[in-house]
Structures are given as structure tokens and as C-alpha cells.
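Subject: Structure handover

Hi,

Here is the structure I promised you. Please open it alongside this note; my findings follow below.

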Amino acid sequence: ALNAYAAWLKANPLLWPARIGLLGVFAVHVWLGISLARENRAARPQRYRDGLALPLSSAASRSMILTGLVVLAFVAFHLAHFTFGAVQPDAYALVDEQGRHDVYGMVMAGFRNPWIVGTYVVAMLLLGVHLAHAAQSLLQTLGVRYEHGNHLVQNLSLAIVAGIILGNLTLPLSVFLGFVASPEGAAVAAH
């Protein structure tokens with residue numbers, strides 16, 4: 001089913017406009033993030049005494065640029081792995097019984113590799129840190145934060161982010177831990 005879906009997606013004329021649109025949104029997000037960081041620094045040209053930020057700022061808010069850069073590097077790695085086949089060329093070259101690109105076999109080979117799964121886990125945890133601050137900032141921008149309900153907003157934000165991260169980690173960890181098996185007779189190249 002995954003191979004059939006991948007073949008349909010690859011033949012879909014909307015694939016490249018969607019990719020270009022996502023790249024544009026991603027570029028605007030990076031540009032706005034950098035612009036916001038510059039504005040924040042310009043608003044306070046002197047560093048805090050002893051390099052300490054206000055007690056109200058969280059580690060997540062202070063690390064937005066760093067976690068954003070790590071997520072950007074991860075996106076490049078993910079594309080190199082699954083879109084361009086540069087990470088595991090042998091697995092990328094797999095073909096199923098119907099002559100289609102064997103995406104299922106490629107996923108199985110990739111997520112059986114401890115360093116690839118480790119890369120995904122670390123990247124998702126850092127994405128979680130990035131999104132945790134982003135979700136709270138978004139809610140504040142929309143006026144949802146208020147003096148007596150911040151714990152509720154923070155907990156809701158963290159629950160949403162945890163759901164996203166756990167959802168993203170389900171496939172790599174399920175394959176790595178053996179909960180998802182290769183189909184009978186499928187040749188999977190594990191590197």
C-alpha cells in the first residue's frame with residue numbers, strides 16, 4: 001500500500017507545486033525567525049548582567065535559533081535520506097514485485113539502522129523544544145494567555161507538542177523495536 005501511494009504521489013502533477021509552496025513557507029518562517037531575533041537584540045543592545053536572561057524566559061525561548069537550525073539540518077538529512085537516496089543508496093534503489101520504487105523496503109532499511117533512528121529521535125526531541133515555545137507564543141499572540149490560566153495554556157501547548165512528537169516517532173521506533181516486520185520474501189537492505 002505504501003509503494004502504491006508513493007507511486008501515485010510521484011505521478012501527481014500537484015507534487016512539485018506543493019513542494020515549492022512548502023519550501024516557500026519554510027523560507028518565510030526562517031526569515032521571520034531571524035528578523036524577530038534581530039529585533040529582539042536591537043531592542044536591548046546590552047546583554048543582561050552576567051549573561052543571564054530574565055527569569056521569565058525559558059530555555060526553549062532562548063534556544064529557538066539553535067533548535068531551529070538543528071531542525072533545518074534534520075530536514076536536509078530527511079530529504080537526503082528518503083527523497084534523494086544519498087544516505088542509503090542501496091535501500092533507495094530497491095524495487096518491489098510490480099517494478100515500483102520500494103518505499104516500504106527503504107523505510108524498513110532506514111529505521112532498522114540505529115544511527116538513523118537516533119538521528120530522528122534527537123531531531124524530534126529538539127523539534128519538541130522548538131514547538132513548545134512556538135505553541136505558547138502563538139497562543140499568547142492570539143490572546144489566549146491570561147494571568148490566572150497560564151498553567152492551563154502551557155499544559156495544553158505541551159500536550160499538543162507531545163502528540164506531534166510521539167506521532168512522528170511512532171514509525172521509526174516501531175520499525176527499530178521490531179513491532180513492524182518486513183513482508184514475506186521482501187529483500188530489505190539494512191546498512
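In which hand does α2 pass α4? The crossing is left-handed. That term applies when the near helix is turned anticlockwise from the far one by less than a right angle; clockwise would be right-handed.

First, the ground rules. This is a predicted model, in which local features need pLDDT of at least 70 and side-chain atom pairs count only at pLDDT 80 or more, while totals for chains, interfaces and linings use all residues. Residues are numbered from 1 along each chain as its sequence is written, and side-chain values use heavy atoms, with hydrogens and water left out.

Overall picture

The protein has 8 helices and 0 strands. Both are DSSP runs numbered from the N terminus: helices are H or I with at least four residues, strands are E with at least two. Along the sequence the pattern reads α-α-α-α-α-α-α-α. Of the 191 residues, 26% count as buried. Buried means under 20% relative accessible area; exposed means over 50%, and partly exposed lies in between (1.4 Å probe, protein chains only). Take contacts between residues at least 6 apart in sequence: 71% of them join residues at least 24 apart. Contact means heavy atoms within 4.5 Å.

α2 and α4

Helix α2 covers residues 15-43 and helix α4 covers residues 64-83. Their axes come within 11 Å and cross at roughly 160°. Axes are lines fitted to C-alpha atoms, for helices over the stretch in contact, and angles run from 0 to 180 degrees between N-to-C directions. The two helices are therefore roughly antiparallel. The classes are: under 35 degrees roughly parallel, over 145 roughly antiparallel, 65 to 115 roughly perpendicular, and the rest oblique. From α2, the contact uses Arg19, Phe26, Gly33 and Ala37; from α4, it uses Ile65, Leu72, Val75 and Thr83. By class, that gives 5 nonpolar, 2 polar and 1 charged. Here Ala, Val, Leu, Ile, Met, Phe, Trp, Tyr, Cys and Pro are nonpolar, Asp, Glu, Lys and Arg are charged, and the others, Gly among them, are polar.

α6 and its partners

Helix α6 (residues 103-111) is mostly covered, with 8 of its 9 residues buried. These are Val103, Gly105, Met106, Val107, Met108, Ala109, Gly110 and Phe111. They pack against α1, α4, α5 (89-92), α7 (114-141) and α8 (150-176).

Look at α1 next. Its axis is 7 Å from that of α6, at an angle of about 115°. The pair is therefore roughly perpendicular. Leu2, Asn3 and Ala6 of α1 meet Val103, Tyr104 and Val107 of α6. This contact has 5 nonpolar residues, 1 polar and no charged ones.

Asn3 sits in α1 (residues 2-11). It counts as buried, at 8% relative accessibility. Its side chain makes a polar contact of 3.2 Å with that of Asp96. A polar contact is a pair of N or O atoms within 3.5 Å; within protein, one must be able to donate a hydrogen and the other to accept it, and residues adjacent in sequence count only if both atoms are side-chain atoms. Beyond its neighbours within four places in sequence, Asn3 touches Asp96, Arg100, His101, Asp102, Val103 and Tyr104.

Val161 lies in α8. It is buried too, with a relative accessible area of 6%. Outside four places in sequence, Val161 contacts Gly128, Leu131, Ala132 and Ala135. The C-alpha atoms of Val161 and His130 are 9.4 Å apart, though 31 residues separate the two along the chain.

Best wishes
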